[in-house]
Amino acid sequence: MRITTVMRFLWSTPVVAVMAVLIVTGAYFMSHPRMSFAEASTIGKGAETFDILSDRFAELAKEKGGLYAFQVLKIAELPPNTDTHLLGHAIGDVFYTQKGVAGIADCTQDFRNACSHTIVIGALNEFGSGDATLKMIDDACKKAPGGVGAYTMCYHGLGHGVFAYFGYDMQKTVAYCKKMGTPEYNDQQFTQCVGGMIMELMSGGGHDHEAWVRAQNKYLLKDQPLAPCDSSLIPEAAKGYCYMYISPRLFEAAGSEIAHPNPATFPKAFTYCDAIPLTSSRSRDACFGGFGREFVGLAAERDIRAIDQLDDNVYARAAQWCDLAIPRDGKESCLRQEVESVFWGGENDPQASFRFCAVTPASLTEACLGNLANNIEHYLRGEARTTWCNKLPVQYRGQCTS
């Protein structure tokens, strides 16, 4: 099956399974979520295609508001392997008509930033691609809720929208993304934008499906599984973010269906990353890490709404898949990205990451705890950082508090 399969009709997506901690105000909502949002138990019933389900959430957003529809999506009973990220896009399209660019201040990181993705797409479509629009979006992204990573992740969402806005033309999109980077953030606005473009190439197409199919045929070369990341189309500074998001392409090259990758093909899929020279360590690390980014979601049957509440057996399954890589650096890169997905910039319950590391293969425990220490140091502040650093084994506390 080509990667050009119409993803909106699939109950799956190569979007890794991570999300922010569910926040519902009020003790009543916390203890009776489905009683609070009655549609949660009914909206998925009898939905035979993704389009039907998407239309239902869009109608709910029109009727009761986008924020209400997002709350329903957090707890809704949905068919297996439902793409909640793209459902978030359906709600976000309506939400933009209600709140405009300012609505990004209400967007959380749930559903892989689906809300902010659609806000920036709407802004481009309404105001064009000039500098004034970029400033408007930048101001909005700085208000995006979440931790220290929320601002740059907003630019990942922008990458989705820019690619669609420019008719899925990669050269035009990369050129536009380059205008966004600043030294203050080490050009992460630029590189995250390119990453969003690649994710859109892998699993998007909702804005102009025919143009998206043509782009896939143009940029995803049948005899070159690492394309376009290994080409001059992707600037060196952004190659890591490109390799991070092409894992679905590598699943397919190894003989899996994109909708349901078969673990038996994972060892072969890893070999494509192993073809990247050791001298290109950042690209190699990102390529292997991309599998880790996918695996937690696959182990959870693609339900990304409660990634920090998964059973330890699910975490163990995902970690064991990383161990299927042959080279040692590949195993560790995959595993490090898994714990980052569970930690999700400190937005998820950090205890879940400790549980994850506790069930990884013994040979990978050091890589897991070491990267968890790095994530705590980078994303948490003050008392929260001290508290969680002290829960690590003593040998990791130094790098956690540096």
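A cis peptide bond joins A227 to P228, with omega at about 5 degrees. Keep in mind that this is a predicted model, in which local features need pLDDT of at least 70, side-chain atom pairs count only at pLDDT 80 or more, and totals for chains, interfaces and linings use all residues. Residues are numbered from 1 along each chain as its sequence is written, and side-chain values use heavy atoms, with hydrogens and water left out.

Now step back to the whole protein. Its secondary structure comes to 21 helices and zero strands. The C-alpha trace spans about 50 × 50 × 45 Å along its principal axes. With 402 residues, a compact globule would have a radius of gyration near 21 Å, and the protein agrees with its 20 Å (the radius is taken over C-alpha atoms, and the globule rule is 2.2 Å times the number of residues to the power 0.38). Of the 402 residues, 58% are buried, where buried means under 20% relative accessible area, exposed over 50%, and partly exposed in between (1.4 Å probe, protein chains only).

Next, look at a pair of helices. Two packed helices are described by the angle between their axes and the distance between the axes. Helix α16 (residues 312–322) and helix α17 (residues 328–343) pack at about 155 degrees, with axes 8 Å apart. Axes are lines fitted to C-alpha atoms, for helices over the stretch in contact, and angles run from 0 to 180 degrees between N-to-C directions. The angle makes α16 roughly antiparallel to α17 (under 35 degrees counts as roughly parallel, over 145 as roughly antiparallel, 65 to 115 as roughly perpendicular and the rest as oblique). From α16, the residues Y315, A318, A319 and C322 make the contact with K331, C334, L335, E338 and V342 of α17, contact meaning heavy atoms within 4.5 Å.

Finally, visit two loops. W344 lies between α17 and α18 (350–358), and has a positive phi of about 45 degrees although it is not a glycine. Is W344 buried or exposed? With a relative accessible area of 10%, W344 is buried. D187, in the loop between α9 (170–178) and α10 (188–203), has a positive phi of about 60 degrees, and D187 is not a glycine either. At 36% relative accessibility, D187 counts as partly exposed.

Key:
Helices (H or I, at least four residues) and strands (E, at least two) are DSSP runs, numbered from the N terminus.
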